[in-house]
Amino acid sequence: MGERSLDLVDEWRARWEELDGRAHRIESLEEAQALAREMIGTATVARWEDARLGGIAQAQAQAPEAEVSLLVADVAVADTGQVGWAHGAGRPRGAGVLPSRQVILLSQDAVVASLADALARLGATATSPPSSLVLIAGPSRTADIEQRVIRGVHAPREIDVLVYRGTG
Amino acid sequence: MSHRVLHPPRAEPAPAVTVNLHRAAGNWAAKRAGAQALVDWEEWREEARRVRADAVRHLPELIERLEERVRAAGGEVHHAATAEEATAIIVDLCRERGARSVAKAKSMTAEEIGLNEALEQAGVEAVETDMGEYIVQQLGDRPSHILAPAVHLSAAQVAELFSELSGQDFDPEDTAALVAYARGVLRKQFLTADVGITGVNIAVAQTGSLVLVESEGNIRLSASLPRTHIALMGIEKVVRDWAGAAHLMQMLPLASHGRPAAASTSVVTGPARDGDDGPDELHLVLLDAGRSAVRGTDLEEALHCIRCGACLYACPVYRQVGGHAYGTSYSGPIGAVLTPALERSSPETAQLPWMSSLCGACTEVCPVKIPLDEQLVTLRAAAQARDPHRGEAALFEAWARLWSRPAGYRATARTAGKALGPLWRKAARASGDGWTARAPFPFDGWTSTRDARSPAGEPFHERWRKHRG
């Protein structure tokens, strides 16, 4: 889509922000974790089992009750502004969709140019793809009542993506 | 005020349907123009057309492949030749699982087969979880747009409904509070439903994957939380491979919302496995219901439709009358083609191709280049051949002969105004705005589904002559 700039992260970010998502570029995983900790504070968190998410949340809760969803995305798409991940063991679907706020860690190396690249990276094109993949583009939204756009219907209303340098 | 249809209540201001539709269509047109600048739109349309044409041309082989891959991933596949078979399969699946409650995500295909009614009759509570569909269902109404089911309703109507349902007071201006209320009610539904039912936007034969596209997140929840996921799709929704699917996954949100991506896209391949917390069972119901019979006919391209809703907003007739006026599940230009195409001989749908000015706006916006205007003409010709309406044709011919001569035109226009006018104006006076909901006999057939202006007391050409002196 359009002219290709040198920095895929910047391209992805511009689209993501047009879609009402929030993004933060951070120098390292440690700093991203610190920022996530600060953003979440004492709010209750439903999170995935992932070493990168350890020590961030002060209070955990089951997904239906949690205030914040915390996870690590597998991919982001410069062309479309999407952020994607695969569900699976230790990566429950409910934790990624039920809370109204969402904090997502994303390695800048996970940003790819096209949706086709992203689908390949998520394993969609493999012989046996994961049972469930999701690609989001900003908060969930509805315009069903007189075309007034309301963010946050059934899925998260506010989403912060913390893009950190390195593959970690 | 003018251009009313379907007998709106006299004292009401402009009905929400026209106001909302014009606003919605305006928003859509503005966003669409911006989004299409992101890509080489004409090239993208051609590629999308190619992907869909390939799918429909090779449908039997691709459906076979899809079925094989879905089974390989642990899903079950059911074939339904008719709408009745499809509802029976789904009702049985719910019954066998002792399901009392179903979370249903918006699906036009479910609407097409009358799934809600069938489930209700079977004693299964199916709650619509899309915001617009939820409103429409609670009102006992029907959706009026493929993507915006409640576009015909005003916020005041929604606030009144929610106040009634909850016993709280809702302010129509506080849209966020209305949405929050429905979110709360539906959240319980997601967490307790035994079965989730969704449609399918794209099925990828290559891997047996189902792509579900949405804005609200209700489809994702319906496909994730209940123990059983039933996905219903028309067989034509299949595509060969991921290259084609990826293209359509971008084309769909560009065409429908003018955005490069939908807020949420789920890709489901079989039921949960390898420690995933999703459904234990996935059932894919493949609906034919007339689709195979359209292949190889001059309407085959109607099967290329990806249900983006663009032709509805682009259509001047749809914008004016709204989806309900069509009286069918699929409305707008694609509905006027698809419905009679799927039910070739139905007299109820034979009129649909006339709900168009043949301006061609639908064809221009279609992201998969369906020649909708040509198909409307084809269907008109076919309907005419089946039922030539000889009396009507003779009447119109006589009228045409009369009005081709100035003298004939003047004489009849004057007669209409003088002889018919007083009677007609009497009917119109009751409404106070020059419109009448019931014209005098023999013109009352015309006003059975629309309002009409009374003829002018003095015809225009006479006034014109006086004006020029």
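This is a predicted model: local features need pLDDT of at least 70, side-chain atom pairs count only at pLDDT 80 or more; totals for chains, interfaces and linings use all residues.
Residues are numbered from 1 along each chain as its sequence is written, chains are lettered from A in the order in which they are written, and side-chain values use heavy atoms, with hydrogens and water left out.

That bridge belongs to an antiparallel pairing, over five bridges, of β9(A) with strand β9 of chain B, residues 264–268; strands are DSSP runs of E, at least two residues, numbered from the N terminus, and two of them pair if DSSP finds at least two bridges between them.

Turning to the whole interface, 52 residues from chain A and 71 residues from chain B are in contact, meaning heavy atoms within 4.5 Å. The area buried between the two chains is about 4,800 Å², with carbon and sulfur atoms giving 56%; this is the accessible area (1.4 Å probe) lost on putting the two parts together, summed over both. Of the area that chain A buries against chain B, R93(A), D144(A) and H154(A) supply 17%, more than any other three residues.

Finally, the charged pairs: there are three salt bridges between chain A and chain B, each a side-chain nitrogen of Lys or Arg within 4 Å of a carboxyl oxygen of Asp or Glu. R23(B) and E146(A) meet in a salt bridge through their side chains, at 3.7 Å from N to O.

Note on methods
Helices (H or I, at least four residues) and strands (E, at least two) are DSSP runs, numbered from the N terminus.
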